Amino acid sequence: QLLAKGYDDNLSALLDKTYNVVNVPGFGTSNDYRNIDVTGKIALVQRGNNSVNDKVLQAKLKGAAAVLIFNNV
């Protein structure tokens with residue numbers, strides 16, 4: 001399932017492009033983005049520790065095109 005609510009209202013435009021994926025260390029908190037560049041890329045973030053809303057917000061603030069959240073199990 002693809003969730004884009006509140007991130008980008010033009011989902012079809014997002015899906016028509018190719019993106020690099022960047023593994024975000026930790027759980028996608030603000031500090032986890034210190035030494036990585038996700039601008040225009042997909043942020044791959046582990047589930048857990050902070051809310052999904054916070055993960056998406058932090059990625060958006062850092063310029064990510066999208067966020068993929070994966071299960072920690």
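Predicted model: local features only at pLDDT ≥ 70, side-chain atom pairs only at ≥ 80, totals over all residues.
The protein has 2 helices and 3 strands. Read from the N terminus, the elements run α-β-β-α-β.

Look next at the pairing of S2 with S3. The two strands pair in the parallel sense over 5 bridges. Isoleucine 42 has alanine 66 in S3 as its bridge partner. Further along, valine 45 stands opposite isoleucine 69 in S3. The chain goes from S2 through H2 to S3, and this β-α-β crossover is right-handed.

Which residues of helix H2 (residues 52-61) are buried? They are Lys55, Gln58 and Ala59. Around the axis they cover an arc of only 100°, so they sit on the same side of H2. An α-helix has 3.6 residues a turn, so residues three or four places apart point the same way. The buried residues of H2 pack against strand S2 (42-46) and strand S3 (66-70). The other side of H2 looks outward: Asn53 and Leu61 are exposed there. After H2 comes glycine 63, whose phi is positive, near 90°.

Valine 67 lies in strand S3. Is valine 67 buried or exposed? Its relative accessible area is 17%. The cut-off for buried is under 20%. Valine 67 is therefore buried. The C-alpha atoms of valine 67 and leucine 57 are separated by 9.7 Å. Along the chain, these two residues are 10 residues apart.

Isoleucine 69 also lies in strand S3. Its relative accessible area is 34%. Buried means under 20% and exposed means over 50%, with partly exposed in between. Isoleucine 69 is therefore partly exposed. What does isoleucine 69 touch, not counting residues up to four places away in sequence? The list is Val45, Gln46, Arg47, Val52 and Lys55. Val45 is the residue that stands opposite isoleucine 69. Lys55 is one of the buried residues of H2. The C-alpha atoms of isoleucine 69 and arginine 47 are separated by 5.9 Å. Along the chain, the pair is 22 residues apart.

Finally, step back to the whole chain. Buried residues make up 27% of the 73 residues in the protein. Among contacts with a separation of 6 or more, 39% join residues 24 or more positions apart. The accessible surface comes to about 5,100 Å². Of this surface, 49% belongs to carbon and sulfur atoms.

Note on methods
Residues numbered from 1 in each chain as written. Heavy atoms only, no water. Helix = DSSP H or I, 4+ residues; strand = E, 2+ residues; numbered from the N terminus. Buried < 20%, exposed > 50% of the residue type's maximum accessible area, 1.4 Å probe, protein only. Contact = heavy atoms within 4.5 Å. Areas by Shrake-Rupley, 256 points an atom, 1.4 Å probe, with all protein chains shown as cover. Arc of directions from axis to C-beta. Pairing = 2+ DSSP bridges. Right-handed = clockwise from strand over helix to strand, strands pointing away.
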